[in-house]
Amino acid sequence: MRETFSSSSGFALAAIGSAVGLGNMWRFSYLTAEYGGAAFLVLYIALTVFVGIPVLLAELSVGRGAGKGPIDAMKHFGGKRWSLLGVLFVVTGFLILSYYSVVAGWTARYGWESLVGSLPDNPASHFEQISQGIPAIIWHLGFMAITVTIVASGIRKGIERTSLIMMPILFLVVLGIAFYGSTLDGAASGYRYYLDLNWKAALRVEVFTAAAGPAFFSLSLGMGAILTYASYLKKEESITRHALVIAVADFGVAFLAGLMVFPLIFALGLSTQIIGTVGTENDVGSIGALFITLPEAFKAMGSSGYWIGTLFFLALSLGALTSAISILEVNVTSAMELLSWSRKKAALLSGALISLVGLAPAWRIEILGIMDALAGNIFLVVGGFALSLFVGWKSIESIRNVDLSPRLRMIWIWLIRVPVPIVLSVVTFYSVMNL
Ligand code: TRP
């Protein structure tokens, strides 16, 4: 018998755990601040509602309908040829996890350094030292080892239990720090920088395309992660409700992360370090800014910074972990189905291979940037594009179990047939031109 999630909230927290991750914590708030504040929010929400949620529903429906991982699910509904899309999903997940775990490794290391009180005096050169080469490799391997251990323990005992414990902690910490930030002197200017309405900055084609990739990434779409989790969902669960809950929680945490980060930075007068970092080079610049500026802020805050810093990086690491297990699960489920491996063997071997490939992005941050631009931006969007064409035009059967009212269902099917593929192909075109 195939395992299932034991409860509705277990599945919800696991899927939210997949969605809420590093993407929410750094990319979203920087993009918002840079590209028009509240105007960007409107754009981002529109993308989530009209593109993200429809694809989310498609993944949930295909996964649960087939009760199989991505390759077998695509084969189930579309035959041999479409199983290639499942292969693309697996490859994309493989590549994303190999560098995602490097960034997660930095995060965990900063958490450790905050905890033992050894945040650096010179954060910029410190980041340069620890983000590449041997130090990055060690933390990357450590993070992968934990990820593999959880996934090897199974859906209920590993993934579900981890998410049930970690996600509430993450929510509380993010809420707590955001609240603390609101009491600081610089809070108002931080909020202004974050959310100041600027339509001119937001209404540009490149902003639209810059928002679409992250919106996809943030919801864990386009590579079968949600599809795979849904294949372990009981048949009586409402897919639509889960889709809504996942999207709202993911957006909520991203939004709160901005409310948490900017007051801290502005209260300590460090804002000049971050303004203008997004869009100047690739997004790696903004990762750096976060890993450099925030530790500096925590350090400058003295003893309260010690606590806030430790909790902040703890929350970030938990988010990264619950995301990483969902990516690894795509590979593990596929290996179990295709090669008839046991869960343990599949987790161990695919984890080892991913760790090995991850040595490259851990070695050089430029390689990390290239992998993110390719897999984290383009492959995902292409995967979502192909899936919505498949579901919309080729296999209506795959979405039989979507529990929308007839009217909403018609709207949804129309969305994944026409506007979603159009938007995603435009976005792909722009991203490829920008490589
Ligand atoms: N959504 C996660 C984040 O925001 C990352 C992630 C997990 C992901 N699973 C994924 C991204 C699948 C793309 C596809 O950090």
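**Exercise 1.** Describe how helix α7 and helix α16 pack, and classify their contact.

Step 1. Helix α7 covers residues 133–152 and helix α16 covers residues 343–357. Their axes are 9 Å apart, at an angle of about 160°. Axes are lines fitted to C-alpha atoms, for helices over the stretch in contact, and angles run from 0 to 180 degrees between N-to-C directions. Helices are DSSP runs (H or I, at least four residues), numbered from the N terminus.

Step 2. α7 and α16 are therefore roughly antiparallel (over 145 degrees; under 35 is roughly parallel, 65 to 115 roughly perpendicular, the rest oblique).

Step 3. From α7, the contact uses His140, Leu141, Met144, Val148, Val151 and Ala152. From α16 come Arg343, Lys344, Ala347, Leu348, Gly351, Ile354 and Ser355. Contact means heavy atoms within 4.5 Å.

Step 4. Sort these residues by class: eight are nonpolar, three polar and two charged. Ala, Val, Leu, Ile, Met, Phe, Trp, Tyr, Cys and Pro count as nonpolar, Asp, Glu, Lys and Arg as charged, and the others, Gly among them, as polar.

A note on the source: this is a predicted model, where local features need pLDDT of at least 70, side-chain atom pairs count only at pLDDT 80 or more, and totals for chains, interfaces and linings use all residues. Residues are numbered from 1 along each chain as its sequence is written, and side-chain values use heavy atoms, leaving out hydrogens and water.

**Exercise 2.** Find how α3 is oriented to α19, and which residues make the contact.

Step 1. Helix α3 (residues 38–66) and helix α19 (residues 406–417) have axes that come within 10 Å and cross at roughly 100°.

Step 2. That makes α3 roughly perpendicular to α19.

Step 3. Phe50, Pro54, Leu57 and Ala58 of α3 meet Trp412, Leu415 and Ile416 of α19. The contact has seven nonpolar residues, no polar and no charged ones.

**Exercise 3.** Find how α3 is oriented to α11.

Step 1. The axes of α3 and helix α11 (residues 205–218) come within 9 Å and cross at roughly 50°.

Step 2. α3 and α11 are therefore oblique to each other.

Step 3. Among the contact residues are Phe40 and Leu43 of α3, and Val207 and Ser218 of α11. By class, 13 are nonpolar, one is polar and none is charged.

**Exercise 4.** Which residues come nearest to the ligand?

Step 1. Of the 16 residues around the ligand (a heavy atom within 4 Å), Ala19, Leu22, Gly23, Tyr100 and Phe217 come nearest.

Step 2. A polar backbone atom of Phe217 is 2.9 Å from a nitrogen atom of the ligand.

Key:
Helix = DSSP H or I, 4+ residues; strand = E, 2+ residues; numbered from the N terminus. Polar contact = N/O pair within 3.5 Å; in protein donor to acceptor, adjacent residues only side chain to side chain.
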